[in-house]
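User: Please take a close look at one part of this model for me, and follow how its elements pack against their surroundings.

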Amino acid sequence: MPNSAAIVPEVQYATIKQQGEVAQLGMWLFLVNETLFFGALIFVYFIYRTTYPHEFAVAGKDAVVWCGTVNSVILLTSSLTMVFAINAGAQDARRAMVVWLYATIGLGCAFLGIKGFEYYLDFQDQVVPVVNYFAKPGEGTAGELFWVFYWVATSLHAIHLTIGIGLLVYMLWRIRRGEITSVYYAPLEVVGIFWSFVDTVWIFLYPCIYLVGRS
Amino acid sequence: MYSWIPFWPDTAASSGHAVNTLFAAELALSAVIMLTVVVMMLHFASRYRKGSDASRADRVQKTWHFEIAWTAATLGMFLILFVYGAQIYVWLFRAPRGDEEVYVVGKQWMWKVEHPGGQREINAMHVPIDKTIRVVMASEDVIHSFFIPAFRLKHDVVPGTYETIWFKADRPGVYRLECTQYCGLQHATMQGKVVVMSGPDYARWLTTQGVHESMAEQGEKLFRAHGCSGCHGDNSTVHAPSLNGVYGTFVHLQDGSVRLADEAYLRDCILNPRSFTVAGYPPIMPDFSGQISESDLLKIVAYIQSLSGKQETRR
Amino acid sequence: MRIDVEPRRARSLPFIIAWLILLVLAGVSLVTAFLGVGVWAPFAQFGIAAMQAAIVFILFMRLKGPPSLRWVFAITGFFWLTFLFGLSMTDYATRKGWPSSYMPTRPGITTLNDGP
Amino acid sequence: MTVTTVDRAALPNPTEEPSYLTSENTVASWLFTRDHKRIALMFFASITFFFFIGGMAATLMRLNLATPQGLLQPAVYNRMFTMHGIIMVWFFLIPSIPTTFGNFFVPLMIGARDLAFPRVNLASWYVFNLSGLIVLYSLIMGGADTGWTFYTPLSTIYANGYVLAAALAVFVNGFSSIMTSLNFVVTIHRLRAPGMTWMRLPLFVWGIYAVSVVMLTATPVLTMDTLLLAVSRFTGVGLFDPQHGGDPLLWQHMFWFYSHPAVYIMILPAMGVVSEIIPCFARRPIFGYAGMTIALMSISILSFFVWAHHMFVAGISIYSGVVFSLMTFFVAVPSAIKVFNWTVSLHKGRITFDAPMLYALGFILLFTLGGLSGMMLATLAVDVDVHGTYFVVAHFHYIMVGATVSAFFGALHYWWPKMTGRMYPEMWARFAAILTYVGFNLTFFPQFILGYLGMPRRSYTYPVDWQVWNVLSSGGASILAVAYTLPLLYLGWSLFRGKRAPINPWRATGLEWITSSPPPKQNFPHTPIVTREPYRYDPENGTFVTQEGTPYAE
């Protein structure tokens, strides 16, 4: 392997294996925090949706369901490519690892692109609270609550996804430097865990946003 | 009862006496516990100080007996306190019908009090003695908290809904009225007085306040002015529920739920009618949110209440 | 089929199958929204979301396999959320004055009781 | 404490290896350090700074309240108590013990060379200071005027101050808390020295573990809550505004879902500190070690079940009030167990009254008094009376200042020799400890009385018949100010003139006392191997055994 000096464990660890395992635990613990962060947002949504079911049904009809659905497919697929990248890295298929990482980055960017287009459509639909909002009959003042949730939730998710893409780019850089190999690929696994978690967030946001008031 | 204790605030209502007893009990219990800890600590600290030659042999080893006993004892005491406190709390915060009603609107930074007869006061509340007074409170801006120390009674006044409390004063006098929820710049001055008067004095006070229209009468005018009577009036042809006798009954809503038609419900119906469509009626009522001030709303609600005849006739 | 998520030994097929299941579930979720099953649709949709999340957590995020501490961490967040949702329901489900028509107010909860 | 026999523990440091303080001397070696000990000292500097900023706000408030007419403009007073609350809660109390003593001593006590993620630890300090800059910006521009609780719709619509900046500071500060606590949990799980089983962990480590769990699970909810607040205030959408269909109480629910556990964030590490100090100065094992750990962990979970007891009169349903009151009494039980255990831990000891011990004993008394008043507040009907009055103010100051700050100073004196390699002047320290106790009680006990008389909190003025109590309180506050400033002076002096500290000046059993004072950069010359549970003091024979199993005579 190239540059084997880079994989000496830090002073507080006995072995590089321990360092990798602890790094993963750290990410899982961070996800506890992320779960509660997004969970609190969904809690607000839950309270208001149960309070104003009819208003939310009216307001939710304006969400662009095809954008959301396509984005769901893209993100679920990106989790798969991310797993392939890690597996390839672990099995010493460096080239495949890099290809799968690029695929993951591409899917992430595609998600963001579609999201941006969806924001454009939302602006056309006048569902941007404060900036450009038109309350439809039957949604009262509570319809705006739905759209506030929509903007906060999707933009936070997009920020997380952007961070994820940034981390993947950083991983590519570290791969070039030979710091991630089949001997030590824990950083890649850590990023993979984060990436799939962002995917999970979307799994829960999808029914919250796109499936309200369809029938 | 506790007036002989220095630093004990006035007590002038049934709620105050109930809380007094509980508080005194807790004070005594706290004193006993605190003393136990202090005596134990001082005793050990002096007896087992470094220089003393008291025996250190046979230290207590088996800890679980002590811990379980101590835990069970505290838990038992706490449960008694909990039940006692919860009982009074439920009693305090479930307002009965009341002999009299008083309407209170909190706004930055004053308490506006209005009596059913239309008498208005600012930062003062006159009430008769020995009558159950039902206080309906609303806020025009931020959260305030309505507090009468002598009655040991407090409730936040949250904008967007009505809060209802009650009391029964039993000692004439002038007591403090406060806001205890920080509500902005002049929060500290959002204070007033509660004047508890004997029945005849109170009646005399009401008459000296000048001739007013009663709240219900004012409410009736607003009811017409906002066009409510066009649909809910007796001669209306629009398919809208009649409001005669609706206050205090249970209303079946479109979505299958049942609501008690209290003040808060009536208010919600006016401001957000779509969420409260009555079963069997079309959802055609426009919503009035943002169009009627809190004090006007209270008047309209008072008028609808007066239609039910369950309240005493006004004035 | 034995599923091994340890990257060094993992094969691709189980992940592809899992991915297909995820897509199918997403489709089912989408369909329920248009079926007109009323109040049950959200339950179905969030149930499906939970299943999808479980698949992603266990396979894609490699919760399967040691160390078990990861399970503890993974569950903690959701466990704590039940505190937030559950205990606040003691308020929202029974508060008067909060327009909670979704959860019927029972006649037993009154403000006009006849005094202490 | 006098040393009667000379042994290795009392010898001056072996000088072969430079300490963490002297190993590198450039500014960059501090600013980019990954050493948990240096980061701890940097945190110590930051929070001390904020402690005095918050203290100045408190001084102005007590000065204003010395007379009913007051001294400050109402707007200034309102901003002072708001900034006092925000700074003291998020910039002193919550980070205080974990980021300084936790950072410094958790790795030392479990026998690790560093925390699991040193870079994250350093980032935590930078994020903390960033949030500190934002809060200072808010303060200098004029401050927020909502109270530290940011109740809506006052904070979203009606307040005029720099609420957005203050909320943003709290938001950013949350990330620092999360990074620090995440580090602790992973470190305590994975980096313990051989033989350091869970039941051999010193109780301070248990306390830090419990607090990290709470921080990690409570903070994100507040983070989201303040984010939504900022969005509401910035854009004008009505997430918590009833005029737009929002629920003001939803803000309170989420705020207290964090901020009630936050009270335990402040007190749990303090409990850990006291559990270290008491056995050491009573020279006997802690009474009920297992019970103490169970109490710590059950507090950290039960603390999430009680938040709405801040809202008994806020307009929540009465059924909810009853449930939360019951839960609150449950969480009081483990606290009661702890008080009992600490007190019994003095039984048949061989007690010396050095400054840390004085602070610890003060902690127990103040915590008990604070806890008992908390029991009154948990009782629904009494809370209806005293909620929102000075009774509440007195109660939480007894817990948060009386108890936590006492423990903070206790820890500071206890570990000062290890952190700096210098002994502090004992007589001055004892004097400061006693002065703290006197000043504190004089400041806050009158506030219980004021509260029961009905003085509302957050008021810049009051009726003249309450002036006696307010003057007493202000007088006490000036004593307290002296007592809190004194350590700064004599500890600063001791840095240069203090006696050199031996390895184990208190003759304690923990692993932090087997390495030199101050410790070398990598903590231990060799990885310690733990063979004993902590606190193996024997008052009967006057001996003690360190956790490594080395016996010593007194």
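Analyst: In chain B, 5 strands form an open sheet with mixed pairing, in the order β3-β2-β1-β5-β8, where strands (E, at least two residues) and helices (H or I, at least four) are DSSP runs numbered from the N terminus, and two strands pair if DSSP finds at least two bridges between them. The edges are taken by β3 (120–122) and β8 (163–168) of chain B, each of which has a single partner strand, so one side of each has no neighbour in the sheet. From one strand to the next, the twist averages 25°. This is a predicted model, in which local features need pLDDT of at least 70 and side-chain atom pairs pLDDT 80 or more, while totals for chains, interfaces and linings use all residues. Residues are numbered from 1 along each chain as written, with chains lettered from A and ligands numbered from 1 in the order written.

Within that sheet, β1 (residues 100–107) and β5 (residues 132–139) of chain B pair in the parallel sense over 7 bridges, and B:Gly106 stands opposite B:Ser139 in β5(B).

Chain B also meets chain D: 68 residues of chain D are in contact (C-beta atoms, placed from the backbone, within 7 Å) with 70 residues of chain B. Among the elements of chain D that give two or more residues to this side are α3 (74–110), α8 (248–282), α10 (318–344), α11 (355–378) and α14 (426–453), and α10(D) gives the most, with 13 residues. By class, this side of chain D has 42 nonpolar, 20 polar and 6 charged residues, where Ala, Val, Leu, Ile, Met, Phe, Trp, Tyr, Cys and Pro count as nonpolar, Asp, Glu, Lys and Arg as charged, and the others as polar.

Across the two chains, helix α1 (residues 14–47) of chain B packs with α11(D) at an angle of about 165°, their axes being 10 Å apart. That makes α1(B) roughly antiparallel to α11(D) (over 145 degrees; under 35 counts as roughly parallel). Among the residues making this contact are B:Ile33, B:Val37 and B:Met41 of α1(B), and D:Leu361, D:Leu365 and D:Leu372 of α11(D); in total the contact has 12 nonpolar, 2 polar and 1 charged residues.

Inside chain D, α11(D) and α14(D) pack at about 10° with their axes 9 Å apart, which makes α11(D) roughly parallel to α14(D). Here residues including D:Leu358, D:Tyr359 and D:Leu366 of α11(D) meet residues of α14(D) that include D:Ala433, D:Tyr437 and D:Phe440, and this contact has 10 nonpolar, 3 polar and 2 charged residues.

Key: Axes fitted to C-alpha atoms, helices over the stretch in contact; angles between N-to-C directions. Parallel < 35°, antiparallel > 145°, perpendicular 65-115°, else oblique.
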